[in-house]
Amino acid sequence: MSEEAGVAQRTTSETSVTGYRREAAESRPPLDYPGYGSTRLRAPTRPPILLPHSLSEITGPVYGHEGVGPLDHDLTRRHDREPLGERIVVGGRVLDGDGRPVRNTLVEIWQANAAGRYIHAADQHPAPLDPNFTGAGRTLTDDDGRYRFITIKPGAYPWGNHENAWRPAHIHFSLFGPAFATRLVTQMYFPGDPLFAYDPIFNSVRDPRARERMVSAFDMDSTVPEWALGYRFDIVLRGREPTPFED
Ligand SMILES: [Fe+2]
C-alpha cells in the first residue's frame, strides 16, 4: 500500500475502517519557527522518524463522546447570566480529504473572553475575567459533518513573544477525527484582522492559501436576526487542502 494513500479502506470481519492521508508538508507549520519563541524550546532536536500507518492507529479509542451535554455547544449558557461581549454563531463542516463528511466526531473549542483574557493561572495581564464565561465548549458533528457553537467573539491579547506582541482574535479547535491517532489541533481566526501581518503563529503557516483556510468567513446564512452574527469555518482533516494544524 502506498504511503500517499495511507491506510485505505481496510475491512475486518467486524467493522469497516476508513483510512486517512498524511497532510501536505507545506500546510504544516515548522516545529521550530524563529519568530515564535517557545518553539525553540519544545521543537525536537533530532529529525522525526516516520512510522508506517497501521490498523491499530485507526481502530484505537476515541475519547469524549460520552457525556456531551445538550448545552455544551453554547458557551453563553454555562453560568447564571450571559457573558459580556458580542454573541456569535460559529459553525461549519468537518470533511476528510476526499470531501466526505466526518460524522459523529468530537469538536472541542477553547478561547479567551471578550476582553482577551483566559481563565488560566498563566494569564495575568490587566484585562477583566468574566464570571459568566469559562471559554470552553464541545459538540459532535451530525450526519453531514456539521457542527455549531454559540459563543462570544474573543478579544485580542498580548502574549509576550516579542515587543508589543498581540495575538489576532482566535478560537482554539481540537478534533479527534475518526480515531485517536488522527487528533488534530488548530486555531480559527476572524476575517480582516489587522494583526495577521504581525503574528508569527499565523505566519508560521508559510503557504498563504493554507493560512486563508484558518480564517473563518462571515456567514449571513447562519446570522440570526436581532441576535448574533454567524461565522463559517469548514475543517478539512486530510488531503491536498487540509486546515493547517498545530503539532
Ligand atoms: Fe489562544
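These legends accompany several close-up views of a predicted model.

View 1. Four side chains coordinate the iron ion here: Tyr118 and Tyr157 through OH, and His170 and His172 through NE2, at 1.9 to 2.2 Å. Along the chain, these donors follow the spacing Y-x38-Y-x12-H-x1-H. The arrangement of the four donor atoms is irregular because the angles they subtend at the iron ion run from 90 to 158 degrees. A tetrahedral label would need all angles to lie between 85 and 135 degrees.

**View 2. Glycine 116, beside tyrosine 157.** Look for glycine 116 in the loop that runs between β2 (106–110) and β3 (136–140). Its relative accessibility is 0%, so glycine 116 counts as buried. Which residues does glycine 116 contact, once neighbours within four places in sequence are left aside? They are Asp123, His125, Gly155, Ala156 and Tyr157.

View 3. The whole structure holds eleven aromatic pairs, and two of them are shown here. In the pair of tyrosine 147 and phenylalanine 173, the ring centres are 5.9 Å apart and the planes stand at 75 degrees, so the geometry is edge-to-face. This pair links distant parts of the chain, with tyrosine 147 in strand β4 (residues 146–152) and phenylalanine 173 in strand β7 (residues 170–175), 26 residues apart. Tyrosine 147 and phenylalanine 173 are both buried. Phenylalanine 173 also pairs with phenylalanine 149: their centres are 6.4 Å apart and their planes at 85 degrees, so this pair is edge-to-face as well. Here again strand β4, through phenylalanine 149, is linked with strand β7, through phenylalanine 173, across 24 residues. Phenylalanine 149 is buried. Ring pairs join Tyr147, Phe149, Phe173 and Phe233 into a cluster.

**View 4. The nonpolar cores.** How many residues make up the largest nonpolar core, and which of them touch the most other members? The core has 22 residues, and Tyr147 and Phe173 are the ones with the most such neighbours. Strands β1, β2, β4, β7 and β8 (184–189) each contribute at least two residues to this core. Another core, of ten residues, lies apart from it, and its members include Phe196, Val205, Ala210 and Val215. As background, nonpolar side chains tend to be buried together in soluble globular proteins.

**View 5. Two arginines placed over aromatic rings.** The charged end of arginine 167 sits over the ring of tryptophan 159, at 5.7 Å from the ring centre. Arginine 183 lies over the face of phenylalanine 176, and there the distance to the ring centre is 5.3 Å.

**View 6. Two loop residues with positive phi.** Asparagine 104 has phi near 50 degrees, a positive value in a residue other than glycine. Its place is the loop between β1 (87–95) and β2. With 46% relative accessibility, asparagine 104 counts as partly exposed. Glutamate 226 has phi near 60 degrees, again positive in a residue other than glycine. Glutamate 226 belongs to the loop between β9 (217–218) and β10 (229–232). Is glutamate 226 buried or exposed? Its relative accessible area is 83%, so glutamate 226 is exposed.

**View 7. Alanine 43, in the loop between two helices.** Alanine 43 is found between α1 (39–42) and α2 (55–59). At 12% relative accessibility, alanine 43 is buried. Setting aside residues up to four places away in sequence, alanine 43 touches Leu31 and Asp32. Tyrosine 33 is ten residues from alanine 43 in sequence, and the C-alpha atoms of these two residues are 8.9 Å apart.

Definitions and conventions
Residues are numbered from 1 along each chain as its sequence is written. This is a predicted model: local features need pLDDT of at least 70, side-chain atom pairs count only at pLDDT 80 or more; totals for chains, interfaces and linings use all residues. Side-chain values use heavy atoms; hydrogens and water are left out. Donors are N, O and S atoms within 2.8 Å of the metal (3.2 Å for Na, K and Ca); water is not among the atoms, so sites may look incomplete. Four donors count as tetrahedral if all angles lie between 85 and 135 degrees; four count as square planar and six as octahedral if opposite donors are over 155 degrees apart and all others between 65 and 115; anything else is irregular. Rings of Phe, Tyr and Trp (its six-membered ring) pair if their centres lie within 6.5 Å; planes under 30 degrees apart count as stacked, over 60 as edge-to-face and the rest as tilted. Helices (H or I, at least four residues) and strands (E, at least two) are DSSP runs, numbered from the N terminus. Buried means under 20% relative accessible area, exposed over 50%, partly exposed in between (1.4 Å probe, protein chains only). A charge sits over a ring if NZ of Lys or CZ of Arg is within 6 Å of the ring centre and within 35 degrees of the ring normal. Contact means heavy atoms within 4.5 Å. A nonpolar core is a set of buried Ala, Val, Leu, Ile, Met, Phe, Trp, Tyr and Cys residues joined through side-chain atoms within 4.5 Å.
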